[in-house]
Amino acid sequence: MDKPVLHLENAAIYQRENLVLSQVNLTINKGDFYYLIGKTGSGKSSLMKTLYGDLKLQEGTGSIVDFDLKNLKEKDIPFLRRKIGIVFQDFKLLSDRTVFGNLEFVLKATGWKNKDEIKAKINEVLEKVGMQSQHYKNTFELSGGEQQRIAIARALLNDPELILADEPTGNLDPKTSLEVMELLNEIHKSGKTILMATHDYQLIVKFKHTTLKVEAGELFEVVQQATN
Ligand SMILES: Nc1ncnc2c1ncn2[C@@H]1O[C@H](COP(=O)(O)OP(=O)(O)OP(=O)(O)O)[C@@H](O)[C@H]1O
């Protein structure tokens, strides 16, 4: 079996000096889809932030897409983020440029130079999220669901080994949430590995995946109840 995409052992998650989660043990393998649930303030975002290098891993060990989180240097972070795709609740698109411009910006920042290759890659990811026809629009002209599709397209640009989605449907209405979740499921079925923090029980019930819960400073797997 391949090396896990993500492996944490006895990890502690801190916000500055405050311990948020302790004794976190987690292994995610290629092709897995995990939900991460828990009440507001329980530590979902803090865990995600530790995984993409926004917070330091101070205790325990952790590896993600072959990066050692414990010894992660500031200069390693852009390289780590090229191997993971991150999707946020508030999309975080650049409002001063078009859909194409947003995606081009990321590719250029990660070393892509050839115009034709850039165009082909952008078309490829826009097609995956069903947004090819909207490439010329400014991002402020898009609905929330469309903006999240573009954010997902952006996360796919560098063929990430892992997608971290932090409440990707948190700003969307229930119908649009379902559509975005269907898209994430398709992406998963195409072979991608996904860890998704969510509050949305509608999605957890409809799309069954292994669920992790953070509660009282700990992370554990939720055992699915058998339904009669
Ligand atoms: N920038 C910060 N500085 C200090 N403490 C923080 C910071 N961000 C979050 N915290 C604290 O860390 C704890 C965990 O917060 P976190 O944002 O990880 O929770 P969450 O489960 O993602 O919540 P939500 O569902 O509301 O997004 C909370 O007690 C919170 O107050």
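Leaving aside neighbours within four places in sequence, which residues is Val125 in contact with? They are Leu103, Ala153, Leu156 and Leu157. Contact means C-beta atoms, placed from the backbone, within 7 Å. This is a predicted model: local features need pLDDT of at least 70, side-chain atom pairs count only at pLDDT 80 or more, and totals for chains, interfaces and linings use all residues. Residues are numbered from 1 along each chain as its sequence is written.

**Nonpolar core**
- The largest nonpolar core has 56 residues. Such a core joins buried Ala, Val, Leu, Ile, Met, Phe, Trp, Tyr and Cys residues through C-beta atoms within 7 Å.
- Leu6, Leu36, Val125, Ala153, Leu162, Leu164 and Met196 touch the most other members.
- Helix 5 gives the largest share of this core, six residues.

**Helix 3**
- Helix 3 spans residues 99–109. Helices are DSSP runs (H or I, at least four residues), numbered from the N terminus.
- Val99, Asn102, Leu103, Glu104 and Leu107 are buried there. Buried means 20 or more other C-beta atoms within 10 Å of a residue's own.
- Their cover includes helix 4 (115–128) and helix 5.
- Gly111 follows helix 3, with a positive phi near 95 degrees.

**Helices 5 and 6**
- Helix 5 (residues 144–156) and helix 6 (residues 174–189) pack at about 20 degrees, with axes 10 Å apart. Axes are lines fitted to C-alpha atoms over the stretch in contact, and angles run from 0 to 180 degrees between N-to-C directions.
- The two helices are therefore roughly parallel (angles under 35 degrees).
- Gly144, Gly145, Gln148, Arg149 and Ile152 of helix 5 meet Thr176, Glu179, Val180 and Leu183 of helix 6.

Methods
Parallel < 35°, antiparallel > 145°, perpendicular 65-115°, else oblique. Contact = placed C-beta atoms within 7 Å. Buried ≥ 20, exposed ≤ 12 C-beta atoms within 10 Å, placed from the backbone.
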